[in-house]
Amino acid sequence: MTILLCAAILPVLIILFAIYRADKINKEPIGKLTILFLCGALTVIPAVFLEMALSSFQPSGALLGGLYEGFCVAGFSEELFKLIVLLLLVWNSRHFDEYFDGIVYAVYVSMGFACVENIMYVFQAETYSDSMATAAMRAILSVPGHFLFAVMMGYYLALAKFAPNRRKRYLAYAFLVPVFFHGTFDALLMIPEGMDEGGLKWIVAIALFIAFILFDIKMWHRGLRRIRHLQQLSSEQNSERIRESFDGFQWNF
């Protein structure tokens, strides 16, 4: 059981450590990040209930069912509660004073959710080998997926924070863009599951899996660009503050 728990948690810890190190200017308080992680973990509870409610309206058919499950059930529910946590605990925080903070905070909330979800899936498997296979697959796909969804959310949340004239637009993007990527990510994997057995199912499954790989590569490319962009903006913010402080010191002197 200890090995399984470690297998479920380890990819989450790696991402948390990596994004914390990527925040190179002013590190966020560990206590605040811990609270965000725990609140992200708790969002699993309302998300599950909302997903169950929405699943009762799921349409029939592999295509419509997969799209609905990906976008309306999983994507909408999970990203909604992550964003709510950020708006309640981060938006007005005095620590949210740099662009890159948006990504850091969003990732910690998202990894809290991903950690609990990972543990649930790993321990639901029937055999030990199935659990390890689930842990390995989710470490490669699902946990990094949640990380990238969070990068998108945090990116637009930061733009909304520091661009008041476009705040409503960016706040909408902070929700809609992660839902789009989350929904597409899930739907490409779910559509084949709803198809009847036969040769056509495997052809479609292979085609959609290739599309999924290409989509995942594109998502990584965009996510890393978003990280670099906010790192640059944070660096410029910090340089501007230093100049202002120095100018003020000269003036007072």
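**Ground rules.** I am working on a predicted model, where local features need pLDDT of at least 70, side-chain atom pairs count only at pLDDT 80 or more, and totals for chains, interfaces and linings use all residues. Numbering runs from 1 along each chain as its sequence is written, and side-chain values use heavy atoms, with hydrogens and water left out.

I looked up the largest pocket and got about 870 Å³ of space. I noted the terms: on a 1 Å grid over the protein atoms alone, a pocket is an open set of points where a 1.4 Å probe fits, with protein on both sides within 12 Å along at least five of seven lines; lining residues have an atom within 4 Å of a point. The volume is the space filled by probe spheres set on the points, which are joined across faces, edges and corners.

Which residues are closest to the centre of the largest pocket? Of the 38 lining residues, they are Glu117, Tyr121, Arg138, Asp186 and Met190. Helices H3 (44-55), H4 (62-89), H5 (99-124), H6 (128-140), H7 (142-162), H8 (167-190) and H9 (199-252) each give two or more residues to the lining. Helices here are DSSP runs (H or I, at least four residues), numbered from the N terminus. H4 supplies the largest share, seven residues.

I then sorted the lining by type: 20 nonpolar, eleven polar and seven charged. Asp, Glu, Lys and Arg count as charged; Ala, Val, Leu, Ile, Met, Phe, Trp, Tyr, Cys and Pro as nonpolar; the others, Gly among them, as polar.

**Salt bridges.** How many salt bridges does the structure hold? I found two, taking a side-chain nitrogen of Lys or Arg within 4 Å of a carboxyl oxygen of Asp or Glu.

Glu117 pairs with Arg138, with the closest N and O atoms 2.8 Å apart. This pair links distant parts of the chain, since Glu117 is in H5 and Arg138 is in H6, 21 residues apart. Both Glu117 and Arg138 are buried (under 20% relative accessible area; exposed is over 50%, partly exposed in between; 1.4 Å probe, protein chains only).

The other entry is Glu79 with Lys82, at 3.1 Å, N to O. Both lie in H4, three residues apart, about one turn of the helix. Glu79 counts as buried because its relative accessibility is 0%. Lys82 is also buried, at 2%.

**Cores.** I searched for nonpolar cores (buried Ala, Val, Leu, Ile, Met, Phe, Trp, Tyr and Cys residues joined through side-chain atoms within 4.5 Å). The largest has 58 residues, of which Val107, Met111, Phe147 and Leu230 touch the most other members. H7 gives the most to this core, 14 residues. A second, separate core has five residues, among them Leu4, Ala8, Val122 and Ala135.

I checked Met111 for contacts (heavy atoms within 4.5 Å). Beyond four places in sequence, Met111 touches Val12, Ile15, Leu16, Phe37, Val143, His146 and Phe147.

Gly112 lies in H5. Is Gly112 buried or exposed? Gly112 is buried, with a relative accessible area of 0%. Its C-alpha is 4.1 Å from that of Ala41, 71 residues away in sequence. Past its neighbours within four places, Gly112 contacts Phe37, Gly40 and Ala41.

At 24% relative accessible area, Ile119 is partly exposed. The C-alpha atoms of Ile119 and Cys6 are separated by 9.3 Å. Leaving aside neighbours within four places, Ile119 is in contact with Leu5, Ala8 and Ile9.
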